[in-house]
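Subject: Structure handover

Hello,

Please find the structure below. My notes on salt bridges and backbone angles follow.

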Amino acid sequence: MEIAIIIGCLLLCAFFAGMEIAYVSSNKIYLEIEKKQDTFLSKILTKITENPSKFIVTMLVGNNVSLVVYGFFMGDLIMKWMHEFTYPLTGFSNALLQIGISTLIVLVTSEFLPKVFFQIYANSLMKAFAVPSYFFYVILFYVTSFIIWISDFILKKFFNTQGDYLPSFFSKVELGNYINEQMSAVEDHDNLDSEIQIFQNALEFSGVKARDIMTPRTELVAVELHNSVTQLRELFIQTGYSKILIYQNSLDDIIGYVHSFELFKKPKSIKTIMIPVEFVPETIFVKDVLNLLTKKRKSVAIILDEYGGTSGIITVEDIIEELFGEIEDEHDEVETLVETKLDDTSYLFSARLDVAYLNEEYKLNIPENDSYGTLGGFIVNFSKEIPQKGDQIAIENFHFSIEEASNTKIDLVKMTITD
């Protein structure tokens, strides 16, 4: 009977300790969604989580009561074992041995292992053990209410601090964790709900800088201010763009842009229909660019490097696409970036691919740095020059073979992981 009571107390300790850590570790957004399902379990979850402090105190009270009962019976059992020794230990040695054995057993079986297990599977186990949790929640209701009343009284009376507080909102971290769980549960990201993807983009939006999504200088299409309107019209026809940049002297002196709609006004010169642009540094956050363009009622901003030269451009459409995905019209040409896995250690990549994307998609652990964003930038940053076709470059545990390149940039590389 004693052994059965001890085992029962250990199981209860494991349950109470596990449910406490499970609630703390569980995703609160996941729990709220489960509570809206209108099922028996959802109603039970609502009951036990409507007052978080009371639930935690219930688990603590149950755990402590179980520990006290366990200690009482475990001490007697150990004493009986001690009497079987030929040379009985002293009173102090007996007490020390009882404490050591009892503590070791309860730490391993009812504290450490259950908390690790319940923390890993927090969301699932909160649902699985909702009913027994509610049983103890009801049984210990008055005890926990009294304890919370005493603690609130002490906090307010002696420390002038508010007692139990339940936040009515979810943190950005909790939302991010929930979305990451949903994304990791979907093997094919093409089948991911658009709402989940938009939420993910929105969470990452605040950390995106202008240089991360800008159109680089090498891909800009522009005309000189004093060119004819006919030349501008021909450029619109050739490119299919809705906006063309206007500069004077060089691309480092862009002064505005023209929208294709302005050509319907039959202008005499480019200057009469040119719209001024805004200038922002590379390091500015995209959200700040959007605020600026919205206030100024503009749709194009020129990105400047640290020396004041043109680094690229960013448009309102670029920013919106960062949130909602690619927005294509009938004039858009689909840019195909090569990303082919040749074998377990070799890949064929376009140099324009982002390092962060490659690390996330292929788990490559390429070093990331503010000095570059693309794979080509990573190679150039290391080699300190523009590699040419056929060049072989070793960087840490990566070996790069330049497959295609021009005088100004790398286009295609073969990457091999050497170890």
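In these notes, buried means under 20% relative accessible area, exposed means over 50%, and partly exposed is in between (1.4 Å probe, protein chains only). The model is predicted: local features need pLDDT of at least 70, side-chain atom pairs count only at pLDDT 80 or more, and totals for chains, interfaces and linings use all residues. Residues are numbered from 1 along each chain as its sequence is written, and side-chain values use heavy atoms, with hydrogens and water left out.

Salt bridges

The structure has nine salt bridges (a side-chain nitrogen of Lys or Arg within 4 Å of a carboxyl oxygen of Asp or Glu). One of them pairs E278 with K296, with closest N and O atoms 3.5 Å apart. E278 is in strand β6 (residues 278-281) and K296 in helix α13, so this pair ties together parts 18 residues apart in sequence. Helices (H or I, at least four residues) and strands (E, at least two) are DSSP runs, numbered from the N terminus. K296 is partly exposed at 42%, while E278 is buried at 13%.

E278 also forms a salt bridge with K298, at 3.1 Å between the closest N and O atoms. Shared partners join E278, K296 and K298 into one network.

Elsewhere, E262 and K265 form a salt bridge at 2.9 Å between the closest N and O atoms. E262 is buried at 16%; K265 is exposed at 59%.

Backbone

Most residues other than glycine have a negative phi. N249, in the loop between β3 (243-248) and β4 (250-259), has a positive phi near 75°.

Regards
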